[in-house]
Amino acid sequence: MEKVDLTRQFACRLKDAMLAAGLNSGRSTSGVCIHKLVEITGYSTQICRKYLRGEAIPEPVKLVEIARYLKVSPGWLLFGDEHNDSPFSQEILTINKKLLQYIFTRLRSLYNSDADEQEIAEFLMAMINDISQINASEEQSKKIIDLAFSSVHHFTR
Amino acid sequence: MEVTLHPRFLDALFAYKSQAMNIFRDVLGLYDIHHLAVARVDQQGQLISFSSTPAMEFNLFNSELWRYDLCYRAQWFTQYTQASWAALYEKTRYDELCYLKQIKHAYRTTRCLAARMGNETFIYALASQYESPELEERFVQQVDEFYKIGQYCTNLLLPYFEQCETESTPILSRMRENEVSS
């Protein structure tokens, strides 16, 4: 993606998120309360105006702070990515239903192995976490699941 | 030296998942480390990696974004030095790399170390989800401890690096090639 597009799209999403959070302003040309953004970031009005005009993107740490305040995912704010990357949802996993079902169909091979239940649970959690974070097609994801399951007979080092 | 991906790069990330988990489990948590990856660059410049967060490497290498990460460039890793991850992102793709490697996984404090073992280079990538000046300082000052952690994992991973040279045809890499060519 071109950097110019990225900054413009970021600005649109930032405004959307600020409006959704009730930070609107009838007096501002951007439609949102720039002073609130100044307060959130701790930066000058000039810098915040650049963010809202699509002329700059905040550095990653600041981006996460803005996202946290607006209760949106940093990935969505930056790229429109709906993946499970919100700092508030680290305890929550989002996974495609078909892929979860595919994992369930492979479970028997795990319980036929010598691994103990705790090990199996940890392995499954790690794999589901991987699948939820991977940017891959359904077919690729299934191959990844197959590969990971094929490693199971090595549970005991 | 031009660095290229090992034919089994993508497959290796998952084909040895349970073994790699067992190895990384020994060190994750030490010094507040939440992520560790060990990448090997052989004499031919072929890169292969094992990771405690394989989704990160998959996204990075499946997207070609890795070419903008200087930690995989010979000019950097042959200096056998260390740096924070962000210091090695090319400016043109900084935001994407930072998102994919750090924001997505909430890794706030990071370090990348290059080491030589025999004729091969190993790149250790460590990250913590915590952030504090003390932790930053520790990541820099106690670098020898982090090298030891990387070497410990490398020694245990060596058999799997070797197996990657002998085992069957890659599946994921071939799918990726087909997608790129179509």
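The predictor's confidence in each residue is expressed as pLDDT, on a scale from 0 to 100. Chain A averages a pLDDT of 85, and 87% of its residues score at least 70. For chain B the average is 91, with 93% of the residues at 70 or above. The complex as a whole receives an ipTM of 0.87 and a pTM of 0.82 from the predictor. The model is predicted: local features need pLDDT of at least 70, side-chain atom pairs count only at pLDDT 80 or more, and totals for chains, interfaces and linings use all residues. Residues are numbered from 1 along each chain as its sequence is written, while chains are lettered from A and ligands numbered from 1 in the order in which they are written.

Chain A contains nine helices and zero strands. Helices (H or I, at least four residues) and strands (E, at least two) are DSSP runs, numbered from the N terminus. Among the elements of chain A, helix 6 (residues 97–105) has the highest mean pLDDT, 94. The lowest, 79, belongs to helix 7 (residues 107–111) of chain A. Of the 157 residues of chain A, 25% are buried. A residue is buried if 20 or more other C-beta atoms lie within 10 Å of its own, exposed if 12 or fewer, and partly exposed in between; C-beta atoms are placed from the backbone. Two residues are in contact if their C-beta atoms, placed from the backbone in this way, lie within 7 Å. In chain A, 51% of the contacts with a separation of 6 or more join residues 24 or more positions apart.

Helix 4 of chain A spans residues 60–70. Its buried residues include Leu63(A), Val64(A), Ile66(A), Ala67(A) and Leu70(A). These residues lie on the same side of helix 4 of chain A, because they cover an arc of only 160° around the axis. The arc is that of the directions from the helix axis to the C-beta atoms. Lys71(A) follows helix 4 of chain A and has a positive phi, near 55°.

The domain assignment divides chain A into domain 1 (3–84) and domain 2 (97–154). Such bounds come from an automatic or database domain assignment. The C-alpha centres of the two domains of chain A are 37 Å apart.

The largest nonpolar core has 84 residues. A nonpolar core is a set of buried Ala, Val, Leu, Ile, Met, Phe, Trp, Tyr and Cys residues joined through C-beta atoms within 7 Å. Leu77(A), Ile144(A), Ala12(B), Val38(B), Ile123(B) and Tyr124(B) touch the most other members. Both domain 1 and domain 2 of chain A give residues to this core, so it lies between them. Beyond its neighbours within four places in sequence, Ile144(A) is in contact with Ile131(A), Ile134(A), Ala136(A), Phe14(B) and Leu172(B).

Between the chains, 31 residues of chain A are in contact with 24 residues of chain B. Helix 4, helix 5 (74–79), helix 8 (117–133) and helix 9 (138–150) of chain A each give two or more residues to the side that touches chain B. Helix 9 of chain A provides the largest share, six residues.

In chain B, Phe146(B) is found in helix 7 (residues 143–166). Phe146(B) is buried, with 22 other C-beta atoms within 10 Å. Leaving aside neighbours within four places in sequence, Phe146(B) is in contact with Arg111(B), Leu113(B), Tyr124(B) and Leu126(B). The C-alpha atoms of Phe146(B) and Leu126(B) are separated by 8.2 Å.
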